[in-house]
Protein chains: 2
Amino acid sequence: MKINGTPYRTIWQDADGVVQVIDQRWLPHELRIVPLCTRAEFATAIRDMWVRGAPLIGATAAWGVAVQMADDPSDASLAETWEVLHETRPTAINLRWALDEMRRTLAPLPPGDRANAAAARAAAICDEDVEINRRIGLHGLEVIRAIAATKPGRPVNILTHCNAGWLATVDWGTATSPIYHADAAGIPVHVFVDETRPRNQGAQLTAWEMNSHGIPHSLIVDNAGGHLMQHGEVDMVIVGTDRTTARGDVCNKIGTYLKALAAQANGVPFYVALPSPTIDWRVQDGVREIPIEERSGAEVTTVQGRAPDGRIVAVQISPDGTTARNPAFDVTPAGLVTGLLTERGLCPATADGMAAMFPDLKAAAAD
Amino acid sequence: MKINGTPYRTIWQDADGVVQVIDQRWLPHELRIVPLCTRAEFATAIRDMWVRGAPLIGATAAWGVAVQMADDPSDASLAETWEVLHETRPTAINLRWALDEMRRTLAPLPPGDRANAAAARAAAICDEDVEINRRIGLHGLEVIRAIAATKPGRPVNILTHCNAGWLATVDWGTATSPIYHADAAGIPVHVFVDETRPRNQGAQLTAWEMNSHGIPHSLIVDNAGGHLMQHGEVDMVIVGTDRTTARGDVCNKIGTYLKALAAQANGVPFYVALPSPTIDWRVQDGVREIPIEERSGAEVTTVQGRAPDGRIVAVQISPDGTTARNPAFDVTPAGLVTGLLTERGLCPATADGMAAMFPDLKAAAAD
């Protein structure tokens, strides 16, 4: 998407063939673009969250393999690269998928052919992500267009949580793709951006995206969405998903569930942008079956931001001695989800609906 | 309550008759106790939120009148003091109540009798607040005791939002009073403290109270309560209220409504600690009738805390150019409230229940 008028992806090859990424640790205060030239640099970029978001982590890992293959295309190098990159974020499902895909493509080839094949496959993985997100956006655009038709001349107010934006993908984002498409189609939109404590990905990343691309938006605390829905100020909710079960339960950033409850209580449609690779066909009951990561309490007791003197610092908000609990995700039961916006179209959040939309994927997962 | 073993109120006369308060702006990082010696100092303390919380604001205003009467007990002084203190926080209902009460008490007296009468009435207003909160706590204790009986040997997990603690009152607090009483009765409790963005009163004040008094607690982000309730980690919710309608709709700090929705969805009892002066008998439908204050967006785009160098600073979390919406309160419909913990006992959150518990107050309000 655009940064002050110039189109960007989150990862790309420059004119010299060097892979460049946006180092997202400095957003929203500073836009830093850095080259990644060695496998070690790719590993650091993933581990230390210069890049984040499931699709972007996968794309970055794919390029990490490609860069290593140009340096050493041996079988040992390929095997070691899978291990080195996988251990950077071992629970990231897209990371593993991308590494498996690169290995599957490269292992049968003679080493001398691997560098070119790896670069081609990494570029294709990026393009495939962009295409999935573009299609999600086109299907979501129709939902927004239908709401816009009910309130001509007034903006469609869309609430989103966390960052399922283009910064989490290669381009478009998932939850944001319908928003960018609506804006491009001339439909007036206004986005309520949940700040999304504890890591504030909404305030730091989604607000930055909206600001950079020029989408009207308002930052709100995570507490505010219920009140806004109660008063008719939200026309729809769109969120992303980290993992979706075969019956449509949605595991996403902590707090998503509270917004889904408020949406249902107030008759606000609640959509989940769902790239099909995020479906976990082996799991049915998300609340019972999905283990929720508990992250460091320091994420709760401190907040990072820009101090008046310009430095980026983490300030402590609670007393010395107070400890915190920090579940990172929650599960929104399928019954609270109005629909799943997938790359193939709008799908009911039910086992039957998902099986009908993705019979091939469900069958493949059963093998 | 206690600060590291020593009992405190939030406002008191010291041995020399000087009124002392805790300057709450420095919590949780520093305990500063300051004397208030002139009407101007009382006005500053209320306006600049050295003290906050409806009951404490009222008590502070009452002492402000008393201090001024010792200096100048004339009719003109009394009238001017009402105006000067009222304009410090003109929407605070307890402030107005306390000022009216002081004027009602003092106006009929000869000026020479006013200083002593004012000090006596201010002290009585403080004691009355303590007694209301103590009784709320005793009624809430029985609710906690009943839950404790269902899980012997394990702590009762109580979630609270914002600070309806002793720092918001003269002592005990409202929502915290049942917790302090349970702890004193030897019932093991553990408190989930919502940080309560945007001003983080949970992280800054409630966590400090719990920490200082020695109540086991965990700080959580406002997003986490739904997940914890889904997984049986919360036995009950107790919150305060800024204003309660005659049918039991509860206007409280933004985000309360989302926790009430999650409590109902998961069968977790949701109690509101309600001192009867907080009931607004003229209002029925809280969502439609109560105007919600929108505060500065800067409260959302910045977070105050202690920097690594020890300074208290506000850091900016969002990009330059992003603006925020900041509704300060929301309304929890009565249907989501399990019960109202009042100084007279546990009361259903219904028009009939409230009328039966407070027939005298309802009749007086109708006059």
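Predicted model: local features only at pLDDT ≥ 70, side-chain atom pairs only at ≥ 80, totals over all residues.
## Two domains in chain A

Chain A is split into domain 1, covering residues 2-128, and domain 2, covering residues 133-366. Taken over C-alpha atoms, the centres of these two domains lie 25 Å apart. The contact between them involves 22 residues from domain 1 of chain A and 18 residues from domain 2 of chain A. About 2,000 Å² of area is buried between the two domains, and carbon and sulfur atoms give 60% of this area. On the domain 1 side, Lys2(A), His29(A) and Arg52(A) lose the most area to domain 2, and together they make up 27% of what that side buries.

How many salt bridges are counted between domain 1 and domain 2 of chain A? The count is 0. Polar contacts are found there, however: 8 residue pairs across this interface, with both residues at pLDDT 80 or more. Two elements of chain A, β1 (2-3) and α2 (54-71), each give two or more residues to the side of domain 1 that touches domain 2. The element that gives the most to that side is α2(A), with 4 residues. By residue type, that side of domain 1 divides into 13 nonpolar, 5 polar and 4 charged residues.

## Where chain B meets chain A

Between the chains, 67 residues of chain B are in contact with 67 residues of chain A. The area buried between chain B and chain A is about 5,100 Å², with 58% of it coming from carbon and sulfur atoms. Across this interface there are 8 salt bridges. There are also 28 residue pairs in polar contact, both residues of each pair being at pLDDT 80 or more.

Several elements of chain B each supply at least two residues of the side that touches chain A, including α7 (201-213), β8 (217-220), α9 (256-265) and β14 (302-306). Helix α9(B) gives the most to that side, with 6 residues. The chain B side consists of 33 nonpolar, 23 polar and 11 charged residues.

## Salt bridges between the chains

Side chains of opposite charge can pair when their charged atoms come close. One such pair is Arg306(A) with Asp320(B), whose closest N and O atoms are 2.8 Å apart.

Glu195(A) and Arg197(B) also meet in a salt bridge, with an N to O distance of 2.8 Å. Glu195(A) lies in the loop between β7 (189-194) and α7 (201-213) of chain A, and Arg197(B) lies in the loop between β7 (189-194) and α7 of chain B, so the pair joins two chains. Are these two residues buried or exposed? Both Glu195(A) and Arg197(B) are buried.

## Salt bridges within chain A

Over all chains, a search of the whole structure finds 60 salt bridges. One of them links Arg134(A) and Glu131(A), with the closest N and O atoms 3.0 Å apart. Both residues lie in helix α5 (residues 111-149) of chain A, and they are 3 residues apart, about one turn of the helix. Arg134(A) is partly exposed, because its relative accessibility is 29%. Glu131(A) is also partly exposed, at 29% relative accessibility.

Glu293(A) forms a salt bridge with Arg295(A), where the closest N and O atoms are 3.2 Å apart. Glu293(A) has a relative accessible area of 35% and is therefore partly exposed. Arg295(A) counts as partly exposed at 26% relative accessibility. Elsewhere, Glu101(A), Arg104(A), Arg121(A) and Glu128(A) are joined into one network by salt bridges that share partners.

Phe270(A) is found in strand β12 (residues 270-273) of chain A. Why does Phe270(A) count as buried? Its relative accessibility is 0%, and buried means under 20%. Phe270(A) and Val237(A) are 33 residues apart in sequence, yet their C-alpha atoms are 4.7 Å apart in space. Leaving aside neighbours within four places in sequence, the contacts of Phe270(A) include Val237(A), Val239(A), Ala260(A), Leu336(A) and Gly339(A).

Thr301(B) has its place in helix α11 of chain B. Thr301(B) is buried, because its relative accessible area is 13%. Not counting residues up to four places away in sequence, Thr301(B) touches Leu219(A) as well as residues of chain B, among them Val315(B), Ile317(B) and Ala324(B).

Methods. Residues numbered from 1 in each chain as written. Chains lettered and ligands numbered in written order. Heavy atoms only, no water. Domains from an automatic or database assignment. Contact = heavy atoms within 4.5 Å. Buried area = accessible area lost by both parts, 1.4 Å probe. Salt bridge = Lys/Arg side-chain N within 4 Å of Asp/Glu carboxyl O. Polar contact = N/O pair within 3.5 Å; in protein donor to acceptor, adjacent residues only side chain to side chain. Nonpolar A, V, L, I, M, F, W, Y, C, P; charged D, E, K, R; others polar. Buried < 20%, exposed > 50% of the residue type's maximum accessible area, 1.4 Å probe, protein only.
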